[in-house]
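Here is a quick briefing to read with the model open beside you. Start with the core, then follow the helices and rings that build it.

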Amino acid sequence: MKLLGIGSRIQHSGFGFGVVTNVDSKNYWVTFQESGLETIPLDSEFEVIEAVVDELDTVSFYEVENTLRNLLKKYSDISEVVHIADKWKGGTLTLAPKDSNLSSKEIPIDGFFHKIVMVRDRVRVMEQKINASKTLDDQDKIDLQQYITRIYGSLTTFNVLFQLKSDHFIGSKSK
């Protein structure tokens, strides 16, 4: 099957006349005269009125960017951008000893948050390396994975600092 390029004109039985405006690995993105932008599978039935054939395989920028992001997450220890909840921005963390004769210590919460994120990222990298290890057997991987789950569980206290719930630590669920 030869892919149609951007600018190709087609006649579709359900949508009518349209022009291909983008192509990804699964769909044509077609702007139809009557119904506007629709995605149709590459193997859809339609009449080609005028074909524009690209010299190269067409992949959308989004797909390339998404694939690259996933590869970097999987194989590197580069930290993603994680935002602190607005209510904590610019705040301080105060450590006060029981003995009132001793002085308290204030730490900028932004710096503390950055350290928590670094711990989270390094535990994730360790988890990936364990899972990808060729020298550990499956039982060793399971045992180490349980320790990592418990580490995440110990860190759930700090979830209050994260702006997005998707950035939270998740430990083992209670039954």
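This is a predicted model: local features need pLDDT of at least 70, side-chain atom pairs count only at pLDDT 80 or more; totals for chains, interfaces and linings use all residues.

Buried means under 20% relative accessible area, exposed means over 50%, and partly exposed falls in between (1.4 Å probe, protein chains only).

**Overall layout**

- The protein has 3 helices and 7 strands, counted as DSSP runs numbered from the N terminus (helices are H or I with at least four residues, strands are E with at least two).
- Along the sequence, the pattern reads β-β-β-β-β-α-β-β-α-α.
- Of the 175 residues, 25% are buried.
- Take contacts (heavy atoms within 4.5 Å) between residues at least 6 apart in sequence: 43% of them join residues at least 24 apart.
- The accessible surface comes to about 12,600 Å², with 55% of it belonging to carbon and sulfur atoms; areas come from the Shrake-Rupley method with a 1.4 Å probe, and for residues only the protein chains shown count as cover.

**Helix H2**

- H2 covers residues 109-132, which is 24 residues, and spans 35 Å from its first C-alpha to its last. That is close to the expected 34 Å, where the expected span is 1.5 Å times one less than the number of residues.
- Its buried residues are Ile109, Phe113, Ile116, Val117, Arg120, Asp121, Val123, Val125, Glu127 and Ile130.
- Those buried residues pack against strand E6 (92-95), strand E7 (105-108) and helix H3 (138-155).
- Met126 also lies in H2, but this residue is partly exposed, at 37% relative accessible area.
- Ile148 is in contact with Val123, Met126, Glu127 and Ile130, leaving aside neighbours within four places in sequence.
- Met126 and Ile148 are 22 residues apart along the chain, and their C-alpha atoms are 8.7 Å apart.

**Rings**

- The structure has 6 aromatic pairs. Rings of Phe, Tyr and Trp (its six-membered ring) pair if their centres lie within 6.5 Å; planes under 30 degrees apart are stacked, over 60 edge-to-face, and the rest tilted.
- Phe113 and Phe162 make an edge-to-face pair, because their planes sit at 65°, with ring centres 5.1 Å apart.
- This pair links distant parts of the chain: Phe113 is in H2 and Phe162 is in the segment after H3, 49 residues apart.
- Phe113 is buried at 5% relative accessible area, and Phe162 is buried at 4%.
- Tyr152 and Phe169 have ring centres 6.3 Å apart and planes at 35°, so their pair is tilted.
- Tyr152 is in H3 and Phe169 in the segment after H3, so the pair ties together parts 17 residues apart in sequence.
- Both Tyr152 and Phe169 are buried.
- Ring pairs join Phe113, Tyr152, Phe162 and Phe169 into a cluster.
- The charged end of Arg150 sits over the ring of Tyr147, 5.2 Å from its centre; the cut-offs are NZ of Lys or CZ of Arg within 6 Å of the ring centre and within 35 degrees of the ring normal.

**Reading notes**

- Residues are numbered from 1 along each chain as its sequence is written, and side-chain values use heavy atoms, with hydrogens and water left out.
- Local features need pLDDT of at least 70 and side-chain atom pairs count only at pLDDT 80 or more, while totals for chains, interfaces and linings use all residues.
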